[in-house]
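Biologist: Could you put the model up, so that we can go through it together?

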Amino acid sequence: MSQARARPAALTIAGRCFEWGRCSYVVGIINVSPDSFSGDGLRSTDEAVRQAVAFASQGADVLDIGGESTRPGFSGISADEEISRVIPAIERISREVDVPLSVDTYKAAVAREALDAGAHLVNDIWGFRHDPEMATLCAQRNVPAIIMHNQRGREFHDVVADILAGWRESIAIATAAGIERSHLIVDPGFGFGWEVEQNVEMLRRLRELTAAGLPILVGTSRKSTLGELTGREIDQRLSASLASVAIAIANGADLVRVHDVAATVDVCRVSDAIVRGDAS
């Protein structure tokens with residue numbers, strides 16, 4: 001019988017201790033963007049604050065605030081435009097809720113302003129491979145980072161091998177910048193450059209990715225693969241999203257990034273009771 005892998009070291013974010021392996025953590029998505037693929041884009045700071053307060057009351061462990069759509073084919077927006085969307089939201093949300101705040105950006109200029117405004121960690125969909133200043137910034141500020149493997153533009157070999165290779169590149173950049181390994185969370189990048197079958201395989205083989213020895217975040221919520229599998233439009237993918245969350249937790253995910261916090265919290269509690277033996 002193979003020995004169980006050691007749990008990654010616990011991480012304290014904004015005074016909260018995240019004990020990996022003890023339970024699953026819910027990351028609530030706050031999209032301050034009219035371009036969001038999922039139909040949940042918020043057009044004002046007031047809307048973002050109301051959603052953040054609601055998510056916090058529903059049990060979100062982290063709030064991930066972003067101002068730029070990452071859907072396939074979208075050309076993106078300038079750092080200045082992104083800053084104008086997210087900074088007012090982060091400033092107000094940080095005063096309204098007692099929950100760690102993440103900024104969802106791959107631009108160091110945006111992350112710098114966000115950390116000044118009250119964000120506690122950075123979520124980079126390019127895993128430090130887009131903006132060379134991002135890793136340096138995180139090291140200087142001594143903040144945790146979520147580093148995602150983005151398969152867009154990369155040659156495919158094998159789902160797990162490609163993800164692990166991408167993570168190794170990002171971890172090497174982080175290490176060179178002086179970021180502590182215990183400050184890193186990894187994301188396999190569900191939906192970012194993968195075919196439907198490859199996304200499904202990713203979840204099926206997720207346990208193999210624990211070989212990285214780092215906490216794993218999975219973000220499947222409302223994505224097109226779920227629509228392809230079910231034939232459902234974006235606003236009808238709650239059940240599919242919850243099913244994918246349960247499978248991800250069973251296969252080793254530590255955090256799940258979602259649009260529907262209340263329902264996901266229930267799924268996590270039941271999944272944890274079954275998978276981790278935590279019925280608290």
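Modeller: What follows is a walk through the sheet, a pair of helices and a few single residues.
Modeller: This is a predicted model, in which local features need pLDDT of at least 70 and side-chain atom pairs count only at pLDDT 80 or more, while totals for chains, interfaces and linings use all residues. Residues are numbered from 1 along each chain as its sequence is written, and side-chain values use heavy atoms, with hydrogens and water left out.

Biologist: OK, what is the strand order in the open sheet of 8 strands?
Modeller: The order is E8-E7-E6-E5-E4-E3-E10-E9, with parallel pairing, where strands (E, at least two residues) and helices (H or I, at least four) are DSSP runs numbered from the N terminus, and two strands pair if DSSP finds at least two bridges between them.

Biologist: And why is one side of E8 and of E9 left without a neighbour in the sheet?
Modeller: Because E8 and E9 stand at the edges and each has a single partner strand. For E9 that pairing is with strand E10 (residues 255-258), in the parallel sense over 2 bridges, and Leu217 has Leu255 in E10 as its bridge partner.

Biologist: How many bridges join E7 and E8?
Modeller: Strand E7 (residues 145-148) and E8 pair over 4 bridges, in the parallel sense, with Met148 opposite Asp187 in E8. Between E7 and E8 the chain passes through helix H5 (residues 159-177), and this β-α-β crossover is right-handed, meaning that, with the strands pointing away from the viewer, the path from the first strand over the helix to the second runs clockwise.

Biologist: Which way do the E8 side chains go, and are they buried or exposed?
Modeller: In strand E8 (residues 184-187), Leu184 and Val186 point one way and Ile185 and Asp187 the other, and all are buried, where buried means under 20% relative accessible area, exposed over 50% and partly exposed in between (1.4 Å probe, protein chains only).

Biologist: What about the phi of Arg222?
Modeller: Arg222 also has a positive phi, near 65°, and is a residue other than glycine. Its place is in the loop between strand E9 (217-218) and helix H7 (224-230), and Arg222 is buried at a relative accessible area of 16%.

Biologist: New topic, at what angle do the axes of H1 and H2 cross?
Modeller: The axes of helix H1 (residues 45-58) and helix H2 (residues 79-96) cross at roughly 35° and come within 9 Å; these axes are lines fitted to C-alpha atoms over the stretch in contact, and angles run from 0 to 180 degrees between N-to-C directions.
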